[in-house]
Amino acid sequence: MESSDPPSAKRFICIHGHFYQPPRENPWLETVETQDSATPYHDWDERVTAECYAPNGAARIVNKQNRIIRILNNYGRISFNFGPTLLSWLEVNAGRVYRMILEADATSQERFGGHGSAMAQVYNHVIMPLASTRDRITQIRWGIADFEYRFKRRPEGMWLPETAVDTESLELLAAEGMKFVLLAPHQCARIRSLKGGDGVQLSFESLDHPEEQGWIETPDASVDTTRPYRVRLKDNRSVAVFFYDGPRSRAIAFESLLDSGENFVRRLMEGFSENSDRAQLVHVATDGETYGHHHRYGDMALAWALKRIEDQRDAQLINYGQFLEKFPPEYEAQIVENTSWSCAHGIERWRSNCGCNSGHTGWNQAWRAPLRVALDGLQDNLAPMVMARGAALFHDLDSTRNAYIEVILDREKTEQFLASHATHELSHPERVAALQLMELERNAMLMYTSCGWFFDEISGIETVQVIAYAGRVLHLAAQLFGENGVVLEGKFIAALGLARSNISSEGDGARIYEQQVRTERVNLEQVAAHYAISSVFTNYGVNTEMFSFSIRRLAYELVNSGRGRLVMGRASIRSNLTEEQETLAFGVLHFGDQNITAAVSRYGESPSAEAVAAYDEFVRDAKEAIGRMDFPAAIRAFDRYFPAPVYTIRSLFRDEQRRIVDQILKPTLSEIEANLASIYESQASLLHFLSQAGLPRSEALIVAATFAIDAGLRRALASEPIDALLARTYLKLAETDQVPLNTPRLGYIADQKMKGAMVALQVEIVDQVVQFSTLDDALLVARTLTELPFELNLWQAQNIWYDVWGRGPYLAVPEPEAWSKGFKDLGQLLRFSVEDLVMDE
């Protein structure tokens with residue numbers, strides 16, 4: 001008898017996105033510094049968020065006129081995992097996006113029978129089969145703890161980085177209660193039915209000799225991916241495995257399938273067999289960045305596909321947890337050990353020159369093996385020292401390390417953490433040592449982040465990042481273990497010397513370490529120097545949070561003398577991670593522009609009378625010298641009191657260095673800008689003539705015109721209110737004189753301008769104090785931006801408009817009809833088809 005169920009009752013689709021960025025924080029400052037390769041964004045996390053993570057939280061569905069008719073949170077309809085280190089960055093730096101992700105998991109539980117779509121991930125994306133058992137356990141437990149902290153529930157499944165797998169990793173996941181994982185189809189070795197000849201489900205206990213019973217080999221990724229499988233493990237445990245559809249996943253990632261949402265849906269639907277009456281799951285897995293970062297507008301193709309599947313009802317969207325509950329595995333599988341989804345040679349990409357690379361012709365990856373050897377050697381040499389020191393401080397080092405995720409997630413829990421795990425009440429030096437030991441352990445895992453080996457060149461930012469984590473480990477080892485720790489650095493550098501760069505100027509890993517990692521090392525004195533120099537240009541309060549440090553100002557004086565300035569003071573510097581603390585005296589001499597010199601000296605928490613007298617003498621001598629503009633005498637006062645080294649503007653941490661340099665350069669650049677504008681204005685008629693006559697134009701004139709027009713447009717866009725007439729004038733000049741525009745920079749300024757106007761409007765809506773002037777300002781900005789001859793990313797402004805529109809009737813508006821009409825006009829300018837809009841469920 002044929003089933004009366006509609007086809008969709010047994011046809012299910014699941015799209016999984018693995019959203020991940022490697023940790024990029026400076027290991028000493030715990031903040032991501034400027035990455036020029038991500039321009040015009042501050043860093044790659046910010047750029048990929050703008051191109052992918054944010055758009056997928058509010059993806060556009062458009063009509064044939066390319067106007068928005070719906071905004072969809074894609075995360076709520078797909079399966080996804082976000083790396084914990086990425087989520088920690090999003091929480092601080094992209095709060096709206098972070099909330100979208102969490103809200104999507106909550107709504108997905110309502111949509112998918114109580115099963116959330118978010119999966120956990122091992123903590124910092126290490127290749128599990130290459131990690132020690134100890135590290136694997138911590139990676140899994142930290143990943144689960146991070147997930148529970150954010151999503152407020154227990155994860156059902158866990159993503160294995162690069163889907164790199166072996167049986168031990170699955171056993172450890174099962175021991176921690178994980179129900180399922182995703183793997184590539186070629187990672188299945190063989191399968192067999194869990195049902196006996198009479199169709200009765202067999203228990204695992206009945207399969208006493210699994211190697212002797214009915215296995216079917218699945219070579220060349222031939223496993224049926226439309227069903228789940230059970231992998232039997234020791235201690236009567238098991239874990240379900242979903243082998244994703246390889247060809248369709250590759251088409252999404254590498255074959256431009258996302259160019260058409262219609263083709264995307266068709267290709268997914270073709271994955272169902274017409275000859276099967278059982279439940280089928282067509283599911284794909286790719287890097288989440290495929291949807292927007294790797295493929296522009298991929299987020300929109302995904303949104304369109306998800307809504308089309310929902311609306312057509314030929315199949316149902318589902319996530320893995322719900323499918324597993326509805327349709328438990330009827331087959332078991334065995335995996336191919338030590339394999340992954342991104343290396344044809346198993347897991348060799350992360351330890352050898354296997355041939356897998358990103359495509360740089362003529363390069364090799366022979367550096368991969370010595371890099372791993374260097375890190376493994378460092379870890380092995382540290383192990384006995386760590387164990388011995390840990391035994392003196394903690395009841396159980398491994399349990400303490402596994403619990404340290406509580407502190408990583410909330411530094412306010414440090415006291416509770418130490419009270420629970422220390423063998424006795426710790427003195428302050430012991431507290432510092434205990435926290436340093438935990439930070440050493442954390443960084444010793446971060447240095448194995450998989451991206452360090454994935455790409456082609458050892459001097460790439462991802463590889464330098466893992467070497468920097470090793471540098472932090474060595475710095476902490478020197479503090480904890482003295483000379484024994486210092487010796488390890490020499491051994492590590494020697495091992496890195498065998499890792500040759502493909503770029504001759506970079507040399508090898510040892511040179512990269514010396515030039516790019518050791519120079520980043522930070523101690524409390526350097527933080528004090530940074531604070532002192534920065535204070536010349538920034539007004540700090542008594543208490544200041546600076547990166548991962550807290551600073552309490554104890555004394556501060558600033559003396560001006562002509563263009564020169566003298567700063568003197570004392571401050572208590574404390575690490576928020578390790579609780580190291582020191583009181584330091586500082587002095588700064590600023591002679592104008594970039595000419596700045598600073599020095600730092602230990603002062604002490606309870607200084608002696610001699611120390612106080614020496615500092616007071618320095619303050620008196622330096623002030624007197626500056627007062628009579630005797631700068632050599634001021635320098636001598638510095639030399640008498642402060643020991644080496646001397647700090648300069650180059651000693652500042654990168655972002656602050658650039659901010660201050662920009663501040664110093666601003667008058668000079670303004671003068672240059674004015675001069676170039678003057679040249680352009682005086683020669684504009686000549687340039688017009690040459691352009692219109694098609695005659696060669698002087699390069700000098702083009703430079704002046706480009707600079708003047710760009711500056712004029714920036715000025716017009718930044719004006720309050722926006723200067724539409726000035727913008728229009730410069731756009732016409734650019735067109736007439738064939739002057740190229742700096743579209744990335746101008747686009748970024750325009751996007752922020754529109755966002756600012758919408759935020760102001762949103763605040764008034766929330767507070768119910770709406771004014772027509774604010775709406776008029778937003779309309780003026782929107783109308784002006786429509787005249788720009790390049791595409792804008794108005795994502796944030798559009799989201800705000802959509803949120804406000806969804807609130808329904810407008811309250812506290814003097815003329816509701818007129819205001820509503822203006823708001824609709826604003827929506828049209830922001831590319832909405834207002835009459836066709838639908839709110840997402």
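I started with P40, which sits in the loop between β1 (11-19) and α1 (44-57). I am working from a predicted model. The bond from T39 to P40 is a cis peptide, with omega of about 10°.

I then looked up P645. This proline is in the loop between α21 (631-641) and α22. A644 and P645 are also joined by a cis peptide bond, and omega there is about 5°. I noted both bonds because most peptide bonds are trans.

**Positive phi**

Next I checked backbone angles. Most residues other than glycine have a negative phi. N236 is not a glycine, yet its phi is positive, about 60°. I found N236 in the loop between β10 (229-232) and β11 (238-243). Is N236 buried or exposed? Its relative accessible area is 66%, so N236 counts as exposed.

Y297 has a positive phi too, about 70°, and is not a glycine either. Its loop runs between β12 (280-287) and α8 (298-312). At 37% relative accessibility, I logged Y297 as partly exposed.

**Helices α22 and α23**

I moved on to helix α22 (residues 654-693). Its axis and that of helix α23 (residues 699-718) come within 8 Å and cross at roughly 115°. The crossing is left-handed. From α22, the contact includes L676, Y680, L687 and L690. From α23, it includes L701, F707, I709 and R714.

Which residues form the nonpolar patch on the surface? I listed L665, L669, I672 and F707, with about 310 Å² of accessible area together. Helix α22 gives the largest share of this patch, three residues. I672 lies in α22. With a relative accessible area of 39%, I672 is partly exposed. F707 is in the patch, and F707 is also among the α23 residues that touch α22.

**Two buried residues**

I looked up H475 in helix α16 (residues 461-481). It is buried, at 10% relative accessible area. What does H475 contact, leaving aside neighbours within four places in sequence? I recorded W28, R521 and V522.

Leaving aside neighbours within four places in sequence, its contacts include Y531, Y556, M568, R570, V600 and F642. I also took the C-alpha to C-alpha distance from F586 to Y556: 9.3 Å, with the two residues 30 apart in sequence.

Note on methods. Residues numbered from 1 in each chain as written. Predicted model: local features only at pLDDT ≥ 70, side-chain atom pairs only at ≥ 80, totals over all residues. Heavy atoms only, no water. Patch = residues over 30% accessible without salt bridge, like charges linked within 9 Å, V, L, I, M, F, W, Y side chains within 5 Å. Areas by Shrake-Rupley, 256 points an atom, 1.4 Å probe, with all protein chains shown as cover. Salt bridge = Lys/Arg side-chain N within 4 Å of Asp/Glu carboxyl O. Helix = DSSP H or I, 4+ residues; strand = E, 2+ residues; numbered from the N terminus. Buried < 20%, exposed > 50% of the residue type's maximum accessible area, 1.4 Å probe, protein only. Axes fitted to C-alpha atoms, helices over the stretch in contact; angles between N-to-C directions. Left-handed = near helix turned anticlockwise from the far one by under 90°. Contact = heavy atoms within 4.5 Å.
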